[in-house]
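Good morning, and thank you for coming. I shall present a few local features of one structure, beginning with a loop.

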Amino acid sequence: MRKLIFWALIALSSSLASTSAAQTWGRLSGVVTEIGQTGRTVGFRLDGSSMTFEFDAGGRISPYAALNLLQAAAANQDHVAVEFDPNSGIFADDLSLHLLVHELSYRGKSLAGQTSATPVLASDAQATAEAALARGMALSRGGDKTAARMSLDDALAADHLRPALLPMALAARSGLLYETAFDVRAGLDRDQVLFAGLTDARRWRSMAPESAQAASAVARGLSLLGDDEAALSIYADVIKRWPEEAFWSDISISSIHRRRGDYANALAAMDDIVRRRGPQAGMAYRFNRGRALLGQKRLPEAIKEFTSALSYRPTYDYAFIQRACAYAQSARLPEAVADLSAALTIQDSLPDSNTTGGAAQARRERLQQDLASLRKLAADSPHSGSDIPCHSYFEAEIARDPSPLLQK
């Protein structure tokens, strides 16, 4: 892991945040992928996050307590919960974002870290914009999405960001808009949010034409707005121009075909990964291959793939949900009930489990209803087949017509 930023440098970042940003903790959970130590500061990353979290013992506990907790979680490929100070964010020389941990939790054990002081108003316009960007990026991944949007808007409102940070800001806001659009009612209102995200992605791509991530962000926006053909074309171009990015492009291609009910091509896209890169392991490959097989009603094979996916990430709730569907369609209702129950337990343990409203809460409520229905059916007729847990819990996975906004 690259060299960690010293605590003194991180504490200095508190002077870069606006006083308008109330003290609030961001929350994120995930599998630990990198661990390092500099003095009393222990740094780590979570799978799927570009942020580096830094836990400072502050003289209160041994830094080895944090190391031991993180190493145990990493060895088990299990989730840790991180509560962090979004106002402590600072960009390192390589533009990576570093954040100070307020609390670190794993399997009922929690450690409190040394957090930053109350932020003061920064007088420098660039520093203020960069602090807003850091806070917005942090909260967009694990905190108040509304506050994240406001911070990112502040960062992009004036031309004060360093040129190297502008694509990062556009990428962060685009991703946030795509994610939060499904908390808005379906129709034109939601499409306007998605289109704003696509606009940011297109601007990012124009500034970084050699970025596969920027191209993929445009493809994602087009697909979410219903233009699957344009999205497929961009993903194919990404595979051709950036072979190292072929894995995630093929995953996206498979997802588009699956959403359209074309499970043969969804499976073919997964097979393309093996053809290009050789035999595959890991959660993402096994899970997505399982979903294509499930769509083809190849239930024993699908169950095997979901079980393999869970061996890589035992706390992936959606893998339990998909395996529950395969079990239910196979007339194995007790196993389906167990998997849906496991998914709910995992969701209730996540940092945002008390969040109300929005798409996440709607999914949780639907899952609770399905579990109750499935339990009743299992009690009345345990050997019946059922499709109860087999609908989509994510609106983004439902096929749609192209938005009229794309004609503008």
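**Two loops and two helices**

A331 sits in the loop between helix 13 (317–329) and helix 14 (333–349); helices (H or I, at least four residues) and strands (E, at least two) are DSSP runs, numbered from the N terminus. Please note that this is a predicted model, in which local features need pLDDT of at least 70, side-chain atom pairs count only at pLDDT 80 or more, and totals for chains, interfaces and linings use all residues. Residues are numbered from 1 along each chain as its sequence is written, and side-chain values use heavy atoms, with hydrogens and water left out.

Most residues other than glycine have a negative phi. A331, although not a glycine, has a positive phi of about 65°. With a relative accessible area of 27%, A331 is partly exposed; buried means under 20% relative accessible area, exposed over 50%, and partly exposed in between (1.4 Å probe, protein chains only).

L95 also has a positive phi, near 70°, and is not a glycine. L95 belongs to the loop between strand 4 (79–91) and strand 5 (97–106). Is L95 buried or exposed? L95 is buried, at 18% relative accessible area.

I turn now to the helices.

Finally, S249 is part of helix 9 (residues 246–259). S249 counts as buried because its relative accessibility is 1%. Leaving aside neighbours within four places in sequence, S249 is in contact (heavy atoms within 4.5 Å) with S216, Y235, V238 and I239. The C-alpha atoms of S249 and A236 are 7.5 Å apart, although 13 residues separate them along the chain.
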